[in-house]
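Subject: Structure handover and findings

Hello,

Please find the structure below. My notes on it follow.

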Amino acid sequence: MQDNILEIHNLVTSFASDGRKDRAIAVNGVDIAIPKGSTVGLVGESGCGKSVTSLSAMGLLPDNGRVESGEAIFCGRDLLKLPDRELRKIRGNRISMIFQEPMTSLNPVIPVGKQVSEALRLHGGMDKETAKRKSIEILERVGVPEARRRYDNYPHQLSGGLRQRVMIGMAMALKPDLLIADEPTTALDVSIEAQILRLMRTLQRESGMSILMITHNLGVVAEICDEVYVMYAGEVVEHADVYALFRDCAHPYTRGLIASLPRMTPKGQRLYTIRGTVPNLRAMPAGCRFAPRCERACKRCWEEKPLLQDIGNGHLCRCHAPVGTNGNGGEGNG
Amino acid sequence: MGKYITKRVLVTIPVLLGIILLIFYMLNVVPGDPVTVMMKEHLKEDVIENLRRTMHLDDPFFLRYLRYVWDALRGDLGVSWKLNRSVTALIATAFPYTLRLAVAAALFSWIMGIPVGILSAVKKNSLMDHLSMGLSLFGVSMPVFWVALILQNTFKGVLPVSGANSWQCYILPTVVLGWSSAGRIARLTRSNLLEVMRNDYIRTARSKGLSPLRVISRHALKNALIPVITVMAIQISSLLSGAVITESVFAIPGVGSLAVSAINNRDMPLLQGTVIFTAVLIIAGNLVADVLYSVIDPRIRVE
Amino acid sequence: MKRTQKDLYTDQLSHRILDAEAEIQPDAGIAHSIVNMFRVNRAALLGLILILLILLLALFAPLVARCDPDAIDLVNLRKPPSAAHWFGTDDLGRDVFARVAYGSRISLMIGFVPSAISLVLGTALGLMAGFLGRRVDALIMRLADVVLAFPSLLLAMVVMYTLGSSILNMFIALSIINWAGTARVVRAQTLSLKEKEFVEAARSMGVSRWKIVFRHILPNCLPNLIVLFTLDIPGAIMWESSMSFLGVGDPNAASWGLMVSQGKSYAYMCPWLILAPGLAILITVMAFNFLGDGLRDAIDPYMKT
């Protein structure tokens, strides 16, 4: 386990909402390991807790969020127990983040170049001039044309793709060990998406950093990830390397996700959809959390919560009756 | 930019004409003939007739309005019935007092309001937050004239409580007038800052490892204070309203006192002049605030 | 420039950090959030209770006051508070407590009536401006600009000067200064609702204009109107008392502002003369402000803190 850059163990995160005493559990006992130099995908629908997992580890939860238990080991230190001052030295320096919406994630009233050089001055201890020179270099590196001129531009003067390049430049400025990318291409056009993913790949090859790619887009996962965690309703339901996952996924939810990808199908065939929606965090089913939406659910699935089990070669799955086995939940008949 | 300002100035012209029309109409349909007000009842019929003619009182309303606008443009707002002096001159003498008071009160309200608002937002839901927000609502709810009276009677003998002969005379009026504005600014600063703090770019700033203080001062404050500028424009209006009361309690010979005396003496030209003058001030204030806004906010600057 | 802010806000909403939040908090409707607001926001609850108490005081003034507010007693002039006269007596020997109690009737009326008038007037004009658009819109909004360009107090004073000092004219003056703000808000909301799908759908089905206004647009403006109304009341009370203080009010309506005005010459020797009515204004205005503030937080998610 020495070669993992970040290990999250049994993370539980809850949220308070106005006027309610009970807290909603958004992340419920998540374990994730990110090997050095590799790209790990964290996949799931909106609201499954994938973003919350990364924000918890970075200490960036909104005010109403709180980590209940768990640890996040980065270079032998638990990020969740570090005092804020120490954690700040890691943030933006050794672990950086890029976010989904590059329009709102960049400060609208500060020129983009200044926003890039900010981290350089803070962590790199550079003076204004050096930081500016370095920032322009970085902007050029991430493919911002006319970087010298763009340095003084405000975010709204750039296109979405350029803004995301700036975000990446900002995050890569200090050559972090780990880059957490939270839906980095969701708001972009498909052609721009490919460019951005290619850029991330190149940068990763050069610096040897690890990437945690948070996305709901399996296409992105197939493109860039080495291994994948699939999350559903605050829990990891499946974990495998990317080939195993696409070749023989075991969890019905993952299968549903893959089946609902549009592809070259004969005319007239319907696109697969998973019925229903993610259950309310305050009213989770007692058994398997996916049971209400699962086509294969049987009595046992409703009553007994499945555990995350190794189904061979380190392929983990949280299901009583993984796809590919012909069991339908053991004893009970559905 | 220049285009924006030109357009903005042009829009105010009909409003300005509307203001003068409204006031002129209201004050010129008022029952009670000005000549009788001026001369009491001791005048002979022909003298009154003569006076009416020289004052153009028998002309059609619209003609009188246009004449007034034309005169006003040249800086002539008529002659006070009671004081028999040029209204423009009276306002020119009184305005410095009002200006000094309003500026002092505005500064007071910013110096008090903005830091309190920031602290409340940073220490959201703390005792200090609840206390200062409660206090500011308390401040907004206190009648200006009442606070004025209470301070006047409390500080009798310690500070000057009437007149405007020295800078000490302005201390109490400034506090009275600035107090409720300070409350409003504190509340607005707090709610703006809290709103801004929820933005994605604040999370980005934090993800860079900036300290909370830096996040607020570098990334949040500018965004949060831009809308506060709009309030400065609204503030001019409420400061001038408040100045009417404050000046009359503390016997400061400003424009507000002039207006109150005009009403009490039924001095129509003076009232008309002071009201139109203050309205123009407010419009100019709004204009300046809008332009300032567009200078500060880069999103508008480009358009 | 308002738009940029709003755009930012909608962007923000759609890409919330916590995408789970929508899941956690289903929209429970305004009535629910108001009830909830009273549970969380103690100040708003306090405001509501105070308002109810003041209403009761106004209703039962004869029972509470024990003496006639206008009974002149030349033996007991400007007596300090005592068991017989809780808030002391004024310069004509009248019981200050009774005058404050009866004054609540006038001050509440001054709060409610003009606010109601400007609510109706402002809503009607705002709907017209927003729905009819073009010339009507331009005319109404320029008129609103004109009204808003004055310091409210001075404009109201000019109206009183023109119409004469009576309580009815006071209503008119206060309505004139208050309608413009309401009209602006209603217009803005009408404009944005007009573009909404459900209104377009109703239109495409041939529902008449006025039916759309009353069925779809007005109900959606209602929450904001409640807030505006609640916040107009303390404003009206405040302006009236200021005008009465300056001697521009109805000299026969014994409002709290007039009482402070009459007591001001004795303020140093007999502070109760200004303290009692002044505190009455302060408490009433604060109660409405607390309530209005809480309602706004509950209804307007922009301001939610």
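Arg77(A) is partly exposed, with a relative accessible area of 36% (partly exposed lies between buried, under 20%, and exposed, over 50%; 1.4 Å probe, protein chains only). The side chain of Arg77(A) meets that of Glu86(A) in a salt bridge, N to O 3.6 Å (a side-chain nitrogen of Lys or Arg within 4 Å of a carboxyl oxygen of Asp or Glu). Glu86(A) is also partly exposed, at 24% relative accessibility.

On conventions: this is a predicted model, in which local features need pLDDT of at least 70 and side-chain atom pairs count only at pLDDT 80 or more, while totals for chains, interfaces and linings use all residues. Residues are numbered from 1 along each chain as its sequence is written, chains are lettered from A and ligands numbered from 1 in the order in which they are written, and side-chain values use heavy atoms, with hydrogens and water left out.

Other salt bridges

Over all chains, the search finds 25 salt bridges. One of them pairs Glu68(A) with Arg23(A) at 3.6 Å, N to O. That pair links distant parts of the chain, 45 residues apart: Glu68(A) is in strand β4 (residues 65-74) of chain A and Arg23(A) in the loop between β1 (4-15) and β2 (24-35). Helices (H or I, at least four residues) and strands (E, at least two) are DSSP runs numbered from the N terminus. Glu68(A) is partly exposed at 37%, and Arg23(A) is partly exposed at 26%.

Arg149(A) and Glu146(A) form a further salt bridge, with the closest N and O atoms 3.0 Å apart. Here Arg149(A) counts as partly exposed at 44%, whereas Glu146(A) is exposed at 51%. Separately, Glu235(A), Arg289(A), Lys305(A) and Arg318(A) are joined into one network by salt bridges that share partners.

Chain B

Chain B has 13 helices and 0 strands. Its C-alpha atoms fill a box of roughly 85 × 55 × 30 Å along the principal axes. Of the 303 residues in chain B, 52% are buried. Among contacts (heavy atoms within 4.5 Å) between residues of chain B at least 6 apart in sequence, 73% join residues at least 24 apart.

Interfaces

How many residues of chain A and chain B are in contact? The contact involves 30 residues of chain A and 23 of chain B. The area buried between these two chains is about 2,300 Å², with carbon and sulfur atoms giving 56%; buried area is the accessible area (1.4 Å probe) that two parts lose on being put together, summed over both. On the chain A side, Arg88(A), Val109(A) and Glu118(A) lose the most area to chain B, together 24% of what that side buries. Glu118(A) also meets Lys208(B) in a salt bridge at 2.8 Å, N to O, and the count between chain A and chain B is 1.

Between chain B and chain C, 59 residues of chain B are in contact with 50 residues of chain C. These chains bury about 5,000 Å² between them, 72% of it on carbon and sulfur atoms. Phe145(B), Trp146(B) and Arg198(B) supply 13% of the area that chain B buries there, more than any other three residues. The rule finds 1 salt bridge across this interface: Arg187(B) with Asp293(C), closest N and O atoms 2.1 Å apart.

In chain C, Asn178(C) lies in helix α9 (residues 167-194) and is buried at 13%. Not counting residues up to four places away in sequence, Asn178(C) touches Ser118(C) and Asp232(C).

Regards
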